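Please consult the sequence and the structure while reading.

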Amino acid sequence: MALNSLDEIRSKLDIVEVISQYVKLQKAGANYKALCPFHKEKTPSFIVSPTRQIWHCFGCGLGGDIFTFVMKMENLEFKDALKLLADKAGVKLIYESPEINSQKQKLLDINDKAKAFFQQQLAQNREVQNYLTHRGLTSETIKEFEIGFAPDDWRLLSNYLIKCGFKSQDIVASGLAISKDDKDIYDRFRSRIMFPINDISNNTVGFTGRIFKGSTSLKTIRDIEGVGKYVNTPQTLIFDKGKLLYGLSKTKNNLHSANQTLIVEGQMDFLMGWQNGIKNIVATSGTGLTSYHLTILKRYNNTLILGFDMDEAGEKAAERSIDLALAKEFNIKVLQLLSGKDLADYLLEHKDSSKTQELLTNSLPIMDFYFKRAQSLGDINNLEGKKTIVSYFLPKIKKLVNALDKSFWLEKLSQYADIDRRALEDELKRIALEPVTFIDENEKEHKYSSELVVLQKTRYPLLAERIIAFLIKDLSLKPEIEKYQHYFPEESSEILNIVLKAQSPDDLSVDNLNKISLSDEVMAKINELALRADYELEMLEEFNISLKDEVAKQLKCLKQEAVKIQLKNLEKKIKDKESAKVDVPQLKELLNKFNQLSKELLD
Ligand SMILES: [Zn+2]
């Protein structure tokens with residue numbers, strides 16, 4: 001792609017304007033601040049600088065420019081973030097790089113072709129169309145969500161894709177075909193209704209296929225559905241069902257304003273909900289809610305309404321998802337559907353939109369839901385029944401994070417079961433909960449964002465950075481800081497030197513820094529430190545601490561850290577020498593140095 005489009009986008013878009021579409025920014029001096037959208041916090045440490053066109057969070061360490069922000073916020077790859085911002089800026093991107101032929105692009109192309117093929121097949125098949133109509137889908141919905149049909153044939157799609165010029169191995173890599181041996185491939189999806197699954201930028205990255213056996217009698221079709229046969233695209237370079245939410249690319253813009261998200265399982269529930277006016281809805285396909293899903297959803301709002309079938313088996317299946325969501329401090333509600341009915345069935349029977357909204361309004365907070373379930377499990381009038389109820393409900397109380405919530409529900413249970421509250425509290429202490437682990441998905445998350453993560457620094461380099469940050473703000477600190485220059489860590493010496501050379505604050509403005517050709521990395525660091533100084537100065541003011549005092553204190557700490565590290569190194573050297581039992585004069589010298597440094601630590 002033309003490289004100048006990057007600068008063109010930067011020049012046309014204002015970082016403050018772009019970021020304020022996602023988070024509420026408040027003016028703070030020359031900058032803007034907000035609660036960080038990437039980690040949980042109560043006081044804002046997320047700062048945006050209009051003059052430097054960067055953002056940085058001093059709580060979690062993330063930061064970058066307009067592109068990295070959109071990548072992180074929308075969960076996009078660089079290329080897609082670029083596309084999104086180019087659209088906003090009205091800049092036309094010209095792709096000339098070999099990237100266009102990259103494997104990912106190939107798989108996207110194959111999916112697009114297959115999608116069109118499936119749609120065409122559906123257009124020719126009356127029987128499937130009738131079936132979808134019976135199920136309640138309108139032709140507008142079918143068109144909007146590009147639903148299609150894979151005929152009952154082993155090679156129709158594969159042959160078509162090969163005719164389109166794709167290689168067998170790429171078709172297999174897309175998950176649409178399976179290879180018997182190197183040459184012979186056959187279609188994965190046969191006699192299935194095909195729902196394209198799109199990523200957040202609306203690229204089709206895979207499919208869910210729902211079984212269809214040619215039969216017009218509704219009764220028989222329901223029988224077949226009893227088998228519940230769904231097939232998803234397997235994990236590919238572009239498809240990971242644990243990361244994708246069906247429909248999110250369409251509904252994401254409504255999730256902020258609706259302030260709650262309805263989560264259902266499967267395409268039919270989603271489509272029937274959407275069609276009946278629920279526009280704050282997403283669906284999982286073939287997985288429970290993963291930690292990754294929850295991280296994505298947390299960006300939009302804090303309340304999840306579970307639209308799963310929550311009969312006993314359903315509740316068990318949803319347990320891990322609910323625990324994960326509670327651990328991420330979501331408010332959770334449960335849609336009140338008759339047991340055994342799914343949302344699609346319900347909406348097929350109740351078509352008026354007031355009923356749909358009623359359904360959302362009447363959803364039960366998760367603890368009320370559990371309490372109701374508990375009451376149905378045993379007879380409150382005998383001891384066995386009471387025990388059953390308590391042993392179901394107490395672990396739910398245990399999982400609550402908030403102490404007030406805990407106390408409220410203990411009281412309620414105590415009254416309902418007519419059991420002394422202290423007995424319940426004793427029992428509560430005995431319950432051991434399995435810790436909620438995010439491990440598997442978190443690892444993926446970490447990998448994904450690793451390029452953006454500024455690793456949490458240890459104290460020593462962080463101290464150095466703070467001091468340099470203050471120096472950028474107030475060059476009169478120079479003489480004092482120069483006295484301590486040799487205590488600064490190696491990695492900050494380059495930046496320290498640049499700042500020490502500045503004669504006036506203007507020398508450190510973006511324009512002037514651009515004139516002395518610095519590496520991108522150094523440039524970004526100076527920008528970040530300038531922002532850090534703004535951020536911290538505000539806090540100093542708030543607590544009435546003078547900058548000079550603070551810097552003096554920090555310099556002392558820096559010296560101590562530096563000396564401690566030297567001591568540690570010396571200690572190791574001394575130990576090595578001791579175990580080697582040679583070189584007595586050298587050992588003596590090391591010990592002398594050690595004593596000297598130890599004294600330095602005290603003054
Ligand atoms: Zn943060």
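Q: Which arrangement do the four donor atoms around the zinc ion adopt?
A: In this predicted model, the zinc ion is coordinated by C36 (SG), H39 (ND1), C57 (SG) and C60 (SG) at 2.1 to 2.3 Å. Four donors count as tetrahedral if all angles lie between 85 and 135 degrees. Because the angles subtended by the four donor atoms are 101 to 122 degrees, the arrangement is tetrahedral.

Q: What spacing do the donors of the zinc ion follow along the chain?
A: The coordinating residues are C36, H39, C57 and C60. Written as a pattern along the chain, the spacing of these donors is C-x2-H-x17-C-x2-C.

Q: Is C57 buried or exposed?
A: A residue is buried when its relative accessible area is under 20%. C60, with 18%, is buried. C57 has 0% relative accessibility and therefore counts as buried.

Q: Which residues does N203 touch, not counting residues up to four places away in sequence?
A: N203 lies in the loop between β9 (192-198) and β10 (204-211). With a relative accessibility of 17%, N203 counts as buried. Leaving out residues up to four places away in sequence, its contacts are D80, K83, L108, I197 and N198.

Q: What is the accessible area of the nonpolar surface patch formed by M539, F543 and I545 together?
A: F543 is located in the loop between α26 (520-542) and α27 (547-580). Its relative accessibility is 57%, so F543 counts as exposed. Together with M539 and I545, F543 forms a nonpolar patch on the surface, and the accessible area of the three together is about 280 Å².

Key
Residues numbered from 1 in each chain as written. Predicted model: local features only at pLDDT ≥ 70, side-chain atom pairs only at ≥ 80, totals over all residues. Heavy atoms only, no water. Patch = residues over 30% accessible without salt bridge, like charges linked within 9 Å, V, L, I, M, F, W, Y side chains within 5 Å. Areas by Shrake-Rupley, 256 points an atom, 1.4 Å probe, with all protein chains shown as cover. Salt bridge = Lys/Arg side-chain N within 4 Å of Asp/Glu carboxyl O. Helix = DSSP H or I, 4+ residues; strand = E, 2+ residues; numbered from the N terminus. Buried < 20%, exposed > 50% of the residue type's maximum accessible area, 1.4 Å probe, protein only. Donors = N, O, S within 2.8 Å, 3.2 Å for Na, K, Ca; no water. Tetrahedral: all angles 85-135°; square planar, octahedral: opposite > 155°, others 65-115°. Contact = heavy atoms within 4.5 Å.
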